[in-house]
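Q: I have a sequence and its model open side by side. Please walk me through how to read them.

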Amino acid sequence: MRFFNFDKIQKVLYFFVLFFPLIIVLRSAATNITLTVLSIISIFIIIGQKKYFFFKDYFIKYIIFFFIFIFINSLLNFYNLEIVLKSLSNFRYLFLTFAVFITLENISNKNLKLFLNINLILIILIGLDIFYQFNFGKNIIGLLPGICDNNMENCTRFSGIFGSELIAGAYISQIGLLIFYLIISKNKLKTNNFNQITSFTFLLYLFFIIILTGERNALLIFLISIFIFFFLQKKIKLKDFLILNFIFLISLIIISQNSKSIKSRYLNFFNSTVSSKNTPIIEKLKNTPWGFHYQAAYELFLQKPLLGHGHKSFRIKCRDTKIDKKTVFYRDMFRGYRACSSHPHSYVMEFLSENGIIGLIFYLAIIIYIFFKILNLRINDNNNNLLAIGIGSLILAILFPIKPSGSFFTTFNASILFYLLGFFLYYSKNTK
């Protein structure tokens, strides 16, 4: 390894890590290439500079066992070579976490500030592009909204620069909150009115843009993370927290009353799904598109409760479920929805159907570890603890089991999750 210039190699690693939020915007191909490059560079650094300490951490060992289990389970439930290779490629997300950790360990304050400013501008520009698309029917480069009726008059999902991929809200809620937590940890929630006004103005901006995208799951991630974070803060009074939530609620109501699309995505959806005089809530939920997916996943879980049907098997096996056959045969009764999809739209149901009870235990244990970690961190009051609690609350919100979700191991979802995990592990380990 003496022939390699590790200083230059690490600079390449730092570059990809610091610009990773921008790379995600460039779509899956760019993200996958970057993950591959980061994995190769990480392996060179680990072996060449003997940086084995990262993988001696008990939590990292746990993640490794988690990935090994998924790989072995995909072999036991072999469908095709592609799925097996995809299960093996999950290790690249762990290398992404390592790359973030190493970067934060060696980066200067100047470059960290540069990272913060660049991504702050990026989030603002993406938000403005979504706002433009919401008002004018297309974004600044002519991309149309994600979901509209045939006449393109009634649109309910706005994705801006992401085009047909309905991930703008998820991106804003996750990368945007990462930037928010970096900002307030930098300011340490000082009594300086300008710092506080700037921070909370940015938070309201994120909330407003997420509402415009029409992504309910992104809104849930945002609200759950903010709730956990502020609930664990010593410096924030209950009165201030209640005022913030009141502002969120009033803003949503006002925006909804002036927009049919937002009203249908949030207020009308809640009323039609939850409120009913004659039908129990559980029955109402079972007859939603998500309910059909959950029923299919539950059928598959009952068939192989311990290990499930294997990695990414739901898209294959769901066609054999009774509920999916009903949705196909009685198409009008089910309003054209199918139980079969690429994933069950719930992390809990995804792990149960694809990796059984063992897979679900792995998933829930990650949540439990992070939850107790941030509970311990709140004991001390310092800058790194504040940031670790914020990012930890964001990870908990993403993994929150009682909410709809995408697939756990899609490139977009897993990349952001393990990117955030790198920040969390670094700041939680560098506390006083």
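**Reading the model**

A: The protein chain exposes about 20,900 Å², and carbon and sulfur atoms supply 65% of it. Accessible areas come from the Shrake-Rupley method with a 1.4 Å probe; for residues, only the protein chains shown count as cover. This is a predicted model: local features need pLDDT of at least 70, side-chain atom pairs count only at pLDDT 80 or more, and totals for chains, interfaces and linings use all residues. Residues are numbered from 1 along each chain as its sequence is written, and side-chain values use heavy atoms, with hydrogens and water left out.

Q: Where is confidence lowest, and where is it highest?

A: Start with the score. pLDDT is the predictor's confidence in each residue, from 0 to 100. Where pLDDT is low, the predicted coordinates should not be read in detail. The protein chain averages 86, and 88% of the residues score at least 70. Confidence is lowest in helix H14 (residues 267–274), at a mean of 57. Helix H2 (residues 20–25) has the highest, at 96.

Q: How many helices and strands does the protein chain have?

A: Helices (H or I, at least four residues) and strands (E, at least two) are DSSP runs, numbered from the N terminus. The protein chain has 21 helices and two strands.

Q: What share of the residues is buried?

A: Buried means under 20% relative accessible area, exposed over 50%, and partly exposed in between (1.4 Å probe, protein chains only). Of the 432 residues in the protein chain, 51% are buried. Among contacts with a separation of 6 or more, 73% are between residues 24 or more positions apart.

Q: How do I check the length of helix H8?

A: The expected span is 1.5 Å times one less than the number of residues. H8 covers residues 109–136, 28 residues, and should span 40 Å. Its end C-alpha atoms are 40 Å apart, which agrees. Buried residues of H8 include Phe115, Asn119, Asp129 and Gln133. Helix H11 (residues 216–231) passes the check too: its 16 residues should span 22 Å, and its end C-alpha atoms are 22 Å apart. Among the buried residues of H11 are Arg216, Phe222, Ser225 and Phe230.

Q: What happens just after H8?

A: Look at the backbone torsion phi. Gly137 takes a positive phi of about 85° there. Gly137 sits in the loop between H8 and strand S1 (147–148). Gly137 is partly exposed, with a relative accessible area of 32%. Leaving aside neighbours within four places in sequence, Gly137 contacts Tyr132, Leu144 and Pro145.

Q: Which residues other than glycine have a positive phi?

A: Two cases to look at. Arg27 has a positive phi of about 90° although it is not a glycine. Arg27 lies in the loop between H2 and helix H3 (28–48), and is partly exposed at 30%. His345 has a phi near 65° and is found in the loop between H18 and H19.

Q: Which cysteines does the disulfide join?

A: A disulfide is a covalent bond between the sulfur atoms of two cysteines. The cut-off here is a pair of cysteine sulfur atoms within 2.5 Å. A search of the whole structure finds one. It joins Cys318 to Cys340, S to S 1.9 Å. Cys318 lies in the loop between helix H17 (314–317) and helix H18 (322–329), and Cys340 in the loop between H18 and helix H19 (347–377), so the pair ties together parts 22 residues apart in sequence. The torsion about the S-S bond is about 40°, so the disulfide is right-handed.

Q: Are those two cysteines buried or exposed?

A: Cys318 is buried, at 0% relative accessible area. Cys340 counts as buried at 16%.

Q: How many aromatic pairs are there?

A: Rings of Phe, Tyr and Trp (its six-membered ring) pair if their centres lie within 6.5 Å; planes under 30 degrees apart count as stacked, over 60 as edge-to-face and the rest as tilted. The count comes to 44. The rings of Phe162 and Tyr171 have centres 5.3 Å apart and planes at 55°, so that pair is tilted. Phe351 and Tyr363 are stacked: 5.1 Å centre to centre, 20° between the planes. Both Phe351 and Tyr363 are buried.

Note on methods
Contact = heavy atoms within 4.5 Å.
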